[in-house]
Amino acid sequence: GHWHNLAYLLALQNRWPQAVAAYSQALSLDPKMAESERGLRTAWARSGLPRPPILEGLEGLRELDARLERKDYSPGTVALALRLAAQFPELPKIRFLTGSLLLAGGRPADAIAHLEWVAAREPRHVAALANLANAYLAIGRKAEAAAKFQAVRQLDAGNAAARQGLTSLGLK
């Protein structure tokens with residue numbers, strides 16, 4: 001919200017390049033901020049700058065979301081997620097989805113870096129922590145898996161993934 005507010009103030013002052021940068025930052029933190037996207041498009045049109053890269057990221061994220069909504073976990077969807085993660089490494093949602101797809105696709109070792117990145121920046125992201133715990137478990141890092149499952153349980157006492165993971169480790 002702070003980046004959005006700053007961008008709005010910069011736009012009011014006709015400081016278009018700075019507004020573009022601030023709106024882009026707001027969207028990198030929360031890709032679903034429709035007001036920031038509208039503001040970015042307006043500021044960009046008035047700035048004379050090249051198209052902001054975040055707009056491509058948002059379009060790619062929408063495509064990825066649409067594929068996942070259709071339960072398309074194909075290699076093409078994984079490739080899209082990996083491309084987006086490489087192109088927009090600071091977008092937590094893209095990194096989470098990439099790690100989750102890799103884990104679901106039987107590539108837990110590849111998933112870990114993405115999920116660790118999200119967990120480090122969003123320590124209360126229950127799904128990222130649970131997926132990270134499962135990735136650790138899948139490659140035999142049992143102590144780390146147990147710690148992450150415990151973290152999930154602390155955030156969400158009734159979480160089924162944490163309960164199942166801890167049970168599989170012989171813990172309660």
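Analyst: A salt bridge here is a side-chain nitrogen of Lys or Arg within 4 Å of a carboxyl oxygen of Asp or Glu. By this rule the count comes to nine salt bridges. The model is predicted, so local features need pLDDT of at least 70 and side-chain atom pairs count only at pLDDT 80 or more, while totals for chains, interfaces and linings use all residues. Residues are numbered from 1 along each chain as its sequence is written, and side-chain values use heavy atoms, with hydrogens and water left out.

User: Why is the pair of Arg62 and Glu37 called a salt bridge?

Analyst: The N to O distance between the side chains of Arg62 and Glu37 is 2.3 Å. The criterion asks for a nitrogen of Arg within 4 Å of a carboxyl oxygen of Glu, and therefore the pair is a salt bridge. In general, side chains of opposite charge can pair when their charged atoms come close.

User: What makes Arg62 and Glu37 a link between distant parts of the chain?

Analyst: Arg62 lies in helix α4 (residues 53-69) and Glu37 in helix α3 (residues 34-47), 25 residues apart. Helices are DSSP runs of H or I with at least four residues, strands are runs of E with at least two, and both are numbered from the N terminus. Glu37 and Arg62 also belong, with Arg41, to a network of salt bridges.

User: Why are Arg141 and Glu144 given as a salt bridge, and how is each classed by accessibility?

Analyst: Their closest N and O atoms are 2.6 Å apart, so the pair meets the distance rule. Arg141 has a relative accessible area of 28% and is partly exposed. Glu144, at 34%, is also partly exposed.

User: Why is α6 described as roughly antiparallel to α7?

Analyst: Helix α6 (residues 92-104) and helix α7 (residues 108-121) pack at about 155°, with their axes 8 Å apart. Angles over 145 degrees count as roughly antiparallel, under 35 as roughly parallel, 65 to 115 as roughly perpendicular, and the rest as oblique. The pair is therefore roughly antiparallel. The axes themselves are lines fitted to C-alpha atoms, for helices over the stretch in contact, and the angles run from 0 to 180 degrees between N-to-C directions.

User: Which residues make the contact between α6 and α7, and how are they classed?

Analyst: Contact means heavy atoms within 4.5 Å. Among the residues involved are Phe96, Leu102 and Leu103 of α6 and Leu115, Trp117 and Val118 of α7. By class, the contact has 10 nonpolar, four polar and two charged residues. Ala, Val, Leu, Ile, Met, Phe, Trp, Tyr, Cys and Pro count as nonpolar, Asp, Glu, Lys and Arg as charged, and the others, Gly among them, as polar.

User: What makes up the contact of α3 with α4?

Analyst: The helices α3 and α4 pack at an angle of about 145°, with their axes 11 Å apart. Glu37, Leu40, Arg41 and Trp44 of α3 meet Ile54, Leu55, Leu58, Glu59 and Arg62 of α4. Five of these residues are nonpolar, none is polar and four are charged.

User: Why is His4 called buried, and what does His4 touch?

Analyst: His4, placed in helix α1 (residues 2-12), has a relative accessible area of 15% and is therefore buried. Not counting residues up to four places away in sequence, His4 touches Tyr23, Ala26, Met33, Glu35 and Ser36.

User: Why do Asn14 and Lys71 count as exposed?

Analyst: Asn14 has a relative accessibility of 51% and therefore counts as exposed. Lys71, at 60%, is likewise exposed. Asn14 has a positive phi of about 60° although it is not a glycine, and phi of Lys71 is near 60°, also positive in a residue other than glycine.

Note on methods
Buried means under 20% relative accessible area, exposed over 50%, partly exposed in between (1.4 Å probe, protein chains only).
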